[in-house]
Amino acid sequence: MDLFVEFLQQVEFPADSGRMFHGRGGLYPGVEHLCLDWYEPVLLLTSFSELGETELALYQRAISEFWLRHGRSGEPNLVYQLRAGVDSQTLILSGAVPEPHNITEQGLKFQVHLLRGQNHGLFLDMRAGRQWVREQAAGKNVLNLFAYTCGFSVAALAGGADNVVNMDMAKGALAIGKQNHLLNGFAAGARFLGHDIFKSWGKLSKLGPYDLIIADPPSNQKGSFIATKDYVRLLRRLPELLTPGGDLLLCLNAPELGCDFLAAQVQEVAPQLEFIERLANPAIYADMDEQKSLKVLRYSLPAEQ
């Protein structure tokens, strides 16, 4: 039996929005190209290789049976996205997608948009990172670089952060980030700076120093950030923005680059930073090779002696 169909016969609906099936981890032979996410009340089926009509019909039927088996009426709200190559194709296979579409993760609300491109407004694999920030942020001045829609900022304020500075050159994403703050009742406490980080060190310095810095750049986005050449530029400047004893989360989602890539970059240009730990990814994202999965590395600037 197809392992994705078999999985759907056994799995329960998650209590929260998040990934349900992660074929990309290589643990399900034959369906490594499939992922299934729950953006309540919508299921998102993503394939990284083209599906034939028969195969797609099989999966759609299995998802409909799963939907009905768990007491939901009618056809499932099901979106299908094909991501084979540079471009993506997205269509609604059944049901509907609410507009606006707000989901909940660990009690926090976020606006998502499943029908616009490959980035849906909240990176579900960063769930554990957001939770860690929430647990650590109390009383801190936080810098959220490459903020996108500001999920880390919402988590930090939920955890009692004093202030959060969000910076991203994509002003449209920051506008959604502002809405995410309002959805959670945070009308104050955050700044939103639509600037190129590499041209804004003076501004960032004036608003610092920071007790916690999060750097979650795209791995390969032309005109914005290419990890293999730009991460080292970033690391040259980050230590000077940290308070002694402060924490730095370095994030990297590039399967071809492992933890040793970031470790070498830090050693080269910021050896004063001390490696503390790699944050564990949610269990659903288990990978045959964990060096290919999302990397969230925690470093600290030692307190002054």
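Biologist: Is G95 buried, exposed or partly exposed, and why?

Modeller: Quick note before that: this is a predicted model, where local features need pLDDT of at least 70, side-chain atom pairs count only at pLDDT 80 or more, and totals for chains, interfaces and linings use all residues. Residues are numbered from 1 along each chain as its sequence is written, and side-chain values use heavy atoms, with hydrogens and water left out. Buried means under 20% relative accessible area, exposed over 50%, and partly exposed in between, using a 1.4 Å probe and protein chains only. G95 has 46% relative accessibility, so G95 counts as partly exposed.

Biologist: Which residues does G95 touch, leaving out those up to four places away in sequence?

Modeller: G95 sits in the loop between strand 5 (89-94) and strand 6 (101-105); strands are DSSP runs of E, at least two residues, and helices are runs of H or I, at least four, numbered from the N terminus. G95 and N77 are 18 residues apart in sequence, yet 4.1 Å apart in space, C-alpha to C-alpha. Taking contact as heavy atoms within 4.5 Å, the residues that G95 touches are P76 and N77.

Biologist: Which backbone oxygen does the N77 side chain reach?

Modeller: N77 is in the loop between helix 2 and strand 4, and N77 is buried because its relative accessible area is 16%. A polar atom of its side chain lies 3.0 Å from the backbone nitrogen of A96. The backbone oxygen that the N77 side chain reaches, at 2.9 Å, is that of P41.

Biologist: What are the edge strands of the five-stranded open sheet?

Modeller: The sheet has the order 1-2-3-4-5 with mixed pairing, where two strands pair if DSSP finds at least two bridges between them. Each edge strand pairs on one side only, and these are strand 1 (18-22) and strand 5.

Biologist: Which side chain makes a polar contact with that of N144?

Modeller: N144 belongs to strand 8 (residues 141-145), and N144 counts as buried because its relative accessibility is 1%. Beyond four places in sequence, N144 is in contact with several residues, including C150, F152 and I214. A polar contact is a pair of N or O atoms within 3.5 Å; within protein, one must be able to donate a hydrogen and the other to accept it, and residues adjacent in sequence count only if both atoms are side-chain atoms. The partner, at 2.8 Å, is N166.
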